[in-house]
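Biologist: I would like to learn how to read features from a set of coordinates. Can we take them one at a time?

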Amino acid sequence: MNIGTIGHVDHGKTTLTAAITKCLAEKGGAQFTDYNMIDKAPEERARGITINAAHVEYETETRHYGHIDCPGHADYIKNMITGAAQMDGAIIVVSATDGQMPQTREHLLLARQVGVKKLVVFINKVDQISDPEMLELVDMEMRDLLGTYNFDGENTPIIMGSALAALEGRDPEIGSKKIVELVQACDDWLDLPLRDLEKPFLLPVEDVFSISGRGTVATGRVERGVASKGTEVEVLGLGESFKTTLTGIEMFHKELDRAEAGDNMGALLRGVKREQVKRGQVIIAPGSMKAVKVFKAQIYVLTKDEGGRYTPFTSGYKPQLFLRTADVSVELKFDDPAKMAMPGDNVELECNLHSSVALEVGSRFTLREGHKTIATGVVVETKE
Ligand code: GDP
Ligand code: MG
């Protein structure tokens, strides 16, 4: 599964990442990656956006983890919104010397919004604290804060230690032992994500053909799930919603009985006219998704260096929204009509689609104007 270190700048995310690789390397579950290697993470581009992110990997007895650590606050924002490296769970690092800070809260909110269900807390820098009541206070405040953002504040594991001590190989009571406890807490508390094959079937429609004597065929790449010939499916989106039978599955001009996540398939649909199916719709396990016209989203507005706009936009702005294969116009609305979104901003707003699109909380999209990607976003709440 994929996890990451999140939290306020300088609270010790990178030190902790290095310390985890060090402690697990001693058990043969990782390759030690030192602080400097992690902190000079290569630049990557996702959906036009520049993000600095380090990826390390490690293994416990039961799991394989991909772990992401970003150097700057903006990199976390961009990464979480674009999903450049999806996080199925996260370790929120908070320094015992400062307690929760603005970025602690912002990362918690974003984690909640992008669909992270569970977190583990690491209260770091306990080597700097001599008063145990101080630690208790940070613990209590973190449990409160988790609850505020709809995480399970009561049961979330909180580990207190010193990432630096672990990394430097001293004071094992607050160093390496606590790292082992932390990783154990991740194993025990964070849930493994469903594999794509276990999710309900979803085929975004890319193209539609009519084959004489056979009927209508929709093509695309199966995003998740499995479909068998003869099962009932639902065609959804762009104002349509109807059920039909999947009478045939074609792959590379061969007839098959089954298609699964990752396959490019042609779906032969019983009794459906060509005009009823369009690029931008989805073919799904019946009832597994809803088509939505109004939703709330968190978006990151690209800077001009990232190919985005030079100027801010205001409520009422109407770019094109691209989500899977759908391409529809959207009107953006801020809660406060006087608000502006500047290039580089991270903002929450309401999206009003011209035509309904199948989407759900966590769905990611881009906004374009002409040939420019101007923003990328994630659905945080659906309205209708
Ligand atoms: P990040 O911005 O959250 O990635 O924080 P870093 O990992 O870069 O750490 C910020 C500073 O805190 C660095 O100077 C670290 O050496 C220091 N630091 C990290 N963990 C500890 C710790 O457990 N104890 C102490 N005293 N300092 C720490
Ligand atoms: Mg860092």
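Modeller: Start with burial. A residue counts as buried under 20% relative accessible area, as exposed over 50%, and as partly exposed in between. Keep in mind that this is a predicted model.

Biologist: Apply that to leucine 359. Is leucine 359 buried or exposed?

Modeller: Leucine 359 has 2% relative accessibility, so it counts as buried. Leucine 359 sits in strand 24, residues 346-359.

Biologist: Which residues is leucine 359 in contact with, leaving aside neighbours within four places in sequence?

Modeller: The partners of leucine 359 are Met289, Lys290, Val292, Phe295, Leu323, Leu353, Val379 and Thr382. Now set sequence against space. Leucine 359 and aspartate 345 are 14 residues apart in sequence, and their C-alpha atoms are 24 Å apart.

Biologist: What about a pair with a longer stretch of chain between them?

Modeller: Take glutamate 381, in strand 26. Glutamate 381 and alanine 297 are 84 residues apart along the chain, yet 6.9 Å separates their C-alpha atoms. Beyond four places in sequence, glutamate 381 is in contact with Phe295, Lys296 and Val361.

Biologist: And how accessible is glutamate 381?

Modeller: Its relative accessibility is 37%, so glutamate 381 counts as partly exposed.

Biologist: Now a charged side chain. Where does arginine 63 lie?

Modeller: In the loop between strand 4 (54-59) and strand 5 (64-69). Use the same cut-off: with a relative accessible area of 13%, arginine 63 is buried.

Biologist: What does arginine 63 touch, not counting residues up to four places away in sequence?

Modeller: Met1, Tyr58, Cys186, Asp187, Leu190, Asp191 and Leu192. Arginine 63 and lysine 22 are 41 residues apart along the chain, with 17 Å between their C-alpha atoms.

Biologist: Let us turn to helices. What is the general idea?

Modeller: An α-helix has 3.6 residues a turn, so residues three or four places apart point the same way.

Biologist: How does helix 3 pack against helix 4?

Modeller: Look at angle and separation. Helix 3 and helix 4 (residues 102-113) pack at about 10°, and their axes are 10 Å apart. That angle makes the two helices roughly parallel. From helix 3, His73, Tyr76, Ile77, Met80 and Ile81 take part. They meet Gln103, Glu106, His107, Leu110 and Ala111 of helix 4. By class, this contact has 6 nonpolar, 3 polar and 1 charged residues.

Biologist: How many residues are in the largest nonpolar core?

Modeller: It has 39 residues. Those with the most contacts inside it are Ile6, Leu108, Leu119, Val121 and Met142. Elements that each supply at least two residues of this core include strand 3 (49-52), helix 3, helix 4, strand 7 (119-124) and strand 26 (372-382). Helix 5 gives the most, with 5 residues.

Biologist: What surrounds methionine 142?

Modeller: Beyond four places in sequence, methionine 142 is in contact with Ile92, Val94, Gln100, Thr104, Val121 and Ile158. Apart from this core lies another, of 30 residues, among them Cys23, Tyr65, Leu167 and Cys186.

Biologist: Last, how do I read a record against the model?

Modeller: Treat the record as a source of boundaries. In an unreviewed entry, UniProt lists residues 1-194 as "domain: Tr-type G". Over residues 1-194 the model is 40% helix and 21% strand. The end C-alpha atoms of that stretch are 10 Å apart.

Note on methods: Residues numbered from 1 in each chain as written. Chains lettered and ligands numbered in written order. Predicted model: local features only at pLDDT ≥ 70, side-chain atom pairs only at ≥ 80, totals over all residues. Heavy atoms only, no water. UniProt positions renumbered as here; feature names shortened; annotations may be inferred. Helix = DSSP H or I, 4+ residues; strand = E, 2+ residues; numbered from the N terminus. Axes fitted to C-alpha atoms, helices over the stretch in contact; angles between N-to-C directions. Parallel < 35°, antiparallel > 145°, perpendicular 65-115°, else oblique. Contact = heavy atoms within 4.5 Å. Nonpolar A, V, L, I, M, F, W, Y, C, P; charged D, E, K, R; others polar. Core = buried A, V, L, I, M, F, W, Y, C linked by side-chain atoms within 4.5 Å. Buried < 20%, exposed > 50% of the residue type's maximum accessible area, 1.4 Å probe, protein only.
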